[in-house]
Amino acid sequence: MGKEDIVELRILGITFSQIQAGAYALLLEEKNGQRRVPIIIGTPEAQSIAIYLENLNPPRPLTHDLFFSFVQAMNAELKNVNIYRYEDGIFYSELIFTDGEKTIRLDSRTSDAIALAIRADARIFTTEEIMKEVSIIMEEEDILEDLDQPDKKNIFSFESMTMEELQDALDEAVSSEDYERASFIRDLMNKKK
């Protein structure tokens, strides 16, 4: 894979999946471009990514936190995540670790790889071929419109609440480990400030 075939991605956000009930779409975007890649992920992975993006502190470490702590304890570093193949609706990824002397590559589900990448501040890459096959050009307003649909758990029903009421709702969501709801409440609080 030549350098011109590599595309760096960054996390744009998580939204509800329109394709699969009970799932979420992780939206990645081209670092220096307009193309976006939606990846369908499960609820646990969506929560793990959302709580990290929103700087929430769960009462106990999540699996991705535990794995990341283990990597650090072994004096290794997650350098990159490579999304290297897309086949039959499935993305294939690998984690690239280094211990300073050798490079270790591990196969991974893409959702787990992204959850670890954000904890390690690792770069995310894919190929131009995959981008041509699966990327879309989507405006941010379209994403927010999708989130505001009344049949999407109505996460914006908090808009009329005061900051104190929102803080109470946020505390309740975190204590009940509903991290997806907590992240959306935190977003709304940040918009209101």
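1. Let me begin with a pair: Asp112 and Arg109 form a salt bridge, with their closest N and O atoms 2.9 Å apart. Arg109 is partly exposed, at a relative accessible area of 49%. Please keep in mind that this is a predicted model.

2. Across the whole structure, a search turns up 12 salt bridges. One of them joins the side chains of Arg123 and Glu8, at 2.8 Å from N to O. This pair connects distant parts of the chain, 115 residues apart: Arg123 lies in strand β7 (residues 123-127) and Glu8 in strand β1 (residues 6-16).

3. Which residue forms a salt bridge with Glu30? The partner is Arg35, and the closest N and O atoms are 2.7 Å apart. Glu30 counts as buried because its relative accessible area, 12%, is under 20%. Arg35 is buried too, at 17%.

4. On the surface, a patch of negative charge gathers Glu164, Glu165, Asp168, Asp171 and Glu172. Glu164 sits in helix α6 (residues 163-175) and is exposed, with a relative accessible area of 56%.

5. Finally, a look at Asn82 in strand β4 (residues 77-87). Asn82 is buried at 14% relative accessibility. Leaving aside residues up to four places away in sequence, Asn82 touches Tyr92, Ser93, Glu94, Ile96, Arg105 and Phe125.

Methods: Residues numbered from 1 in each chain as written. Predicted model: local features only at pLDDT ≥ 70, side-chain atom pairs only at ≥ 80, totals over all residues. Heavy atoms only, no water. Patch = residues over 30% accessible without salt bridge, like charges linked within 9 Å, V, L, I, M, F, W, Y side chains within 5 Å. Areas by Shrake-Rupley, 256 points an atom, 1.4 Å probe, with all protein chains shown as cover. Salt bridge = Lys/Arg side-chain N within 4 Å of Asp/Glu carboxyl O. Lys, Arg positive; Asp, Glu negative; His and termini not counted. Charge placed at Lys NZ, Arg CZ, Asp CG, Glu CD. Helix = DSSP H or I, 4+ residues; strand = E, 2+ residues; numbered from the N terminus. Buried < 20%, exposed > 50% of the residue type's maximum accessible area, 1.4 Å probe, protein only. Contact = heavy atoms within 4.5 Å.
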